[in-house]
Amino acid sequence: MEVKKESIRNENLAAALSIIPGVGQLYNRQVIKGIFFLLVAILFVYELNVFGIQAIQDLISLGVTPMEDHSLFMMIRGTLQVLVTVIFLFFYAYNIYDAKKVASHWNTGIHVNKTFSELFNNVYKNGFPYLLIVPAYLAMIFAIIFPVLVTVFMAFMDYSIMNMPPAKLLNWVGLQNFLNIFTLSTFRDAFTSVFSWTIIWTLCATTLQIVLGVFTAVIANQPFIKGKRIFGVVFLLPWAVPAFITIMSFSNMFNDSIGAMNTQVIPFLNNFIPFVDIGRIAWKTDPYWTKVAIIMIQGWLGFPYIYVMTTSILQAIPADLYEAAKIDGAGAIRRFRDITMPTVLAVAAPVFITQYTGNFNNFTMIYLFNDGGPGSAGGGAGQTDILISWIFKLTTNNSPQYSLAAALTIIVSFIVIGVSLIVFKRTNAFNMEDE
């Protein structure tokens, strides 16, 4: 296609002119788009002049005069300005890309939208999905990224009971909080104890609830089982009752002196089973038995969800597969190993992973049963505290360590995100690529 001489545009010049947003678009004869881009740039410069520059300076300095400058508020305002600036930089980069691309369209004879109606129709036809998703992205930025960024910044400050604004100013301390976790004996020992217990708790409690859920689903779905609906209702009861009520009830049941476990269940077992003589167990005052108790309770609380999900998957497996396996001589274990488990894992693997990550941060169970006790692991943590409940205590006790808690939060996040990504990748879960 022959291109008229007056339609030739210098692509590099268009990009260079876009150093001032909108000018490149004006050079490309897109007056409305150019004016709009220019207005966005002017608004940003105005915001920067009225609020942004001071907010960034405050974020860097965190104040100079105690009682007058509130370092925490300065950090929050600075974080907001950082997000606004990043959004504008994305817009700025797109502005340059757009100017160069449209100039290329002029040179190759591709139609360029110039009037308001042409721009509107183009946005409606090609950009409508983006218009719909932009509000969601903006909400995500300020509802998710903003608090995360505040936590990250806080992890690099000295925000604690010894340095509380506005009486004192906060300071940037770099990696000192992370180093304290691994070098100061108090926090290092506490972190080692809490982290190792968090791993044991996550693996044991989650595996128990998954095994129970799959086992009960497989048994309840056997053809010879009668009254499946009754089983279904009974198994759903732990799920139907709010977890915090159940945990509080179990906390009372496991009371060392007056709890039902020591006063009724154990005596019943001693009388019912020959040669068995179990003494009272210190469920709430011995860390070992407290850990055993909360693992058992979490298994009981968590298995109904796995049961429901596995039941749905089992009902989707064709009965012909089992009949063919029987004809080939496969026993029950072989059929379970080669048909049932692969099918269940193929569908439910992502959910199983979320169960592990959920229990890694299962604050409710730990806090409500025994408040992370008994005993102390140092650094304000109890013997049965997991990382998330330790973080809670670091921020709510009489001598809060906010920055240390923020550093721990970042460590926990890296662990959860890292493990989840690796497992999701290896199981091909959540394949979100466009078809």
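Start by selecting Thr 384, which sits in the loop between β2 (381–382) and α16 (387–396); helices here are DSSP runs of H or I with at least four residues, strands runs of E with at least two, numbered from the N terminus. This is a predicted model, where local features need pLDDT of at least 70 and side-chain atom pairs count only at pLDDT 80 or more, while totals for chains, interfaces and linings use all residues. Residues are numbered from 1 along each chain as its sequence is written, and side-chain values use heavy atoms, leaving out hydrogens and water.

Is Thr 384 buried or exposed? Buried, at a relative accessible area of 2% (buried is under 20%, exposed over 50%, partly exposed in between, with a 1.4 Å probe and protein chains only). Leaving aside neighbours within four places in sequence, Thr 384 is in contact with residues including Trp 197, Pro 287 and Lys 291 (contact means heavy atoms within 4.5 Å).

Next, pick Leu 387. Beyond its neighbours within four places in sequence, its contacts include Phe 191, Phe 360 and Leu 408.

Now show the largest nonpolar core, with 36 residues: a set of buried Ala, Val, Leu, Ile, Met, Phe, Trp, Tyr and Cys residues joined through side-chain atoms within 4.5 Å. Leu 387, Trp 390 and Leu 408 are among the members that touch the most others. A second, separate core of 20 residues includes Phe 235 and Met 309.
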